[in-house]
Each structure stands twice: as structure tokens, then as C-alpha cells.
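Open the model in your viewer and keep the selection tool at hand. The stops below say what to pick next and what is there.

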Amino acid sequence: MGRLRLLLADFVLSFMWVCSGVLVRLIVFQHLGFDHSPLGEVIKTSFSVANMFFFSFLVKVTRGAYNPLTVLADAISGNFNNFLYCVGARIPAQVIASIVGVKFLIETIPEVGQGPRLNVDIHQGALTEGLLTFAIVSISLGLTTKIRENFFMKTWISSLSKLTLHILGSDLTGGCMNPASVMGWAYARGDHITKEHFFVYWLAPIEATILAVWTSKLLVQPAKEDNTASKSKSD
């Protein structure tokens, strides 16, 4: 029963997340009347940070997730049964929810656009998404290790990091760092089974996530061992 609730939480959060980015842009640029001036971008950034705080709260309450890379990072660190559950159930639930969310947006708000696109060659795109993913996963793992209990500070740093990395990659790949969301838009366009989509938005981020988890383990584990050794010496 607990796993079914977790799948439901993943589905709802992924559906809400893929819709939230569009709604933020609509609120700022249409309903509030701001243009793409520096002031408009500042207002949009403020709404985006507030949106991330809201979703971080939902993730904390429901224990769900809206990004397959987050689930994958946890699955790699857990046991094999949990890995199979995450890869075989949680990630597909997030992908399906994103597809449903994008279809819902297109039917209700036709002017939403067509989502993120690859604007460079496949190799540069894969490198870009890989580096962005490695950076954000490493930051997230570091925050979880160092300031686990401080929800506000952890979410604040994570939100600003995600926004910064998104801006850096937005003109190249969309700066998504979320394969499920990209899959939703690609499915709506009909290019979800192309080589470019698979390599740039799935393979590269997955490899970067695995590398970030392994790197984090290599960097953090010695510190724990040193602390244990120092305690034993003091005893």
C-alpha cells in the first residue's frame, strides 16, 4: 500500500510540475503584464523560486518526486529491490504523468508553445545536459549531507542552483535536467523516439547522475571514516 501511495504521489507531482512552469510564465507575462525586460525576468525568477519551495514542501510531505534523476540517485544508493522498483515503476509513472500533463496543457492553453528543443548538435547537447545534471545532482547530494535538517537553506540553495543552471543551458538544450518533463513535450511533438532525444535528454543525464553519486560517495566516505577514527582515538 505504501508503494502505491508513493507511485500516486510521483504521478501527481510530475503532472503538477510540468504544468507549473507554463503557469508561471503565463502569470508573469500575460496576467501581470510584464514583458521580457530585466524587471520581468526578476519577477519570473521570484515566482520560480516560490514554486520550487512549494514543490520541495510537497516532496517532503508526500515523499514523492517529479524528476527521474532524483529517484535514480536514491535508487543507486539503495538495495537492488528498491532499484528495480524505482526504475520499473516510479520513473515510468513520472514519465506518463508528464505526458498527460503536457497533453492537458496543449488542450486547455493552446498558446503554451512546444517545450524545450535541442538547438545544437547532438554531441554538444549531450555534453551540456550531462554537465548540468552532474552539477545539480552533486549539489543536491552535498546539501543532503551537510544541511539535512535546514529545509529553508537547503531549498534556497537548491532553487538558485537549478535556476542558474537552467539559464546557462536554456539556449542550447532548454536546460531541463528532467527527462520526464522533456519526454512529455517530445511525445506531444512526436519526436520522442529520435536518437537526439534519447542521447541528450536520457542517456547523458543518467550517466551524469551515476557519476555524481559515485563521486559523492568517494568524497564523503573518507570524511566519515576519518571522523570515526578520530573518535576511537579519543576514546
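## Stop 1: helix H2

Select helix H2 and pick out its buried residues: Gly 40, Ser 48, Val 49, Asn 51, Met 52, Phe 53, Phe 55 and Leu 58. Buried means under 20% relative accessible area, exposed over 50%, and partly exposed in between (1.4 Å probe, protein chains only). Helices (H or I, at least four residues) and strands (E, at least two) are DSSP runs, numbered from the N terminus.

This is a predicted model: local features need pLDDT of at least 70, side-chain atom pairs count only at pLDDT 80 or more, and totals for chains, interfaces and linings use all residues. Residues are numbered from 1 along each chain as its sequence is written, and side-chain values use heavy atoms, with hydrogens and water left out.

Now show the neighbours. The buried residues of H2 pack against helix H1 (2-31) and H6; contact means heavy atoms within 4.5 Å. Next, check the length of H2.

## Stop 2: two positive phi angles

Step off the end of H2 to Arg 63, which follows the helix. Phi here is near 65°, a positive value in a residue other than glycine. Arg 63 sits in the loop between H2 and helix H3 (68-77). Its relative accessible area is 68%, so Arg 63 is exposed.

Jump to Met 177, in the loop between H6 and H7. Phi of Met 177 is also positive, near 55°. Is Met 177 buried or exposed? Met 177 is buried, at 6% relative accessible area.

## Stop 3: salt bridges

How many salt bridges are there? The count is two, taking a salt bridge as a side-chain nitrogen of Lys or Arg within 4 Å of a carboxyl oxygen of Asp or Glu.

Select Arg 90 and Asp 10. Their side chains meet at 2.5 Å, N to O. The pair links distant parts of the chain, with Arg 90 in helix H4 (residues 80-108) and Asp 10 in helix H1, 80 residues apart. Both Arg 90 and Asp 10 are buried.

Then select Arg 189 and Asp 191, which form a salt bridge at 3.2 Å, N to O. Arg 189 is partly exposed at 24% relative accessible area. Asp 191 is partly exposed too, at 22%.

## Stop 4: Gly 184

Move to helix H7 (residues 179-189) and select Gly 184. Gly 184 is buried, with a relative accessible area of 1%. Leaving out residues up to four places away in sequence, Gly 184 touches Ser 98, Ile 99 and Val 102. Draw a distance to Met 16: the two C-alpha atoms are 12 Å apart, although 168 residues separate them along the chain.

## Stop 5: the cysteines

Which cysteine sulfur is closest to that of Cys 19? The sulfur of Cys 176 is, but at 15 Å it is too far for a bond. The model has zero disulfides, a disulfide being a pair of cysteine sulfur atoms within 2.5 Å. Cys 19 is buried at 7% relative accessible area. Cys 86 is buried as well, at 2%.

## Last stop: Met 153

Finish on helix H6 (residues 151-169), where Met 153 lies. Met 153 is partly exposed, with a relative accessible area of 34%.
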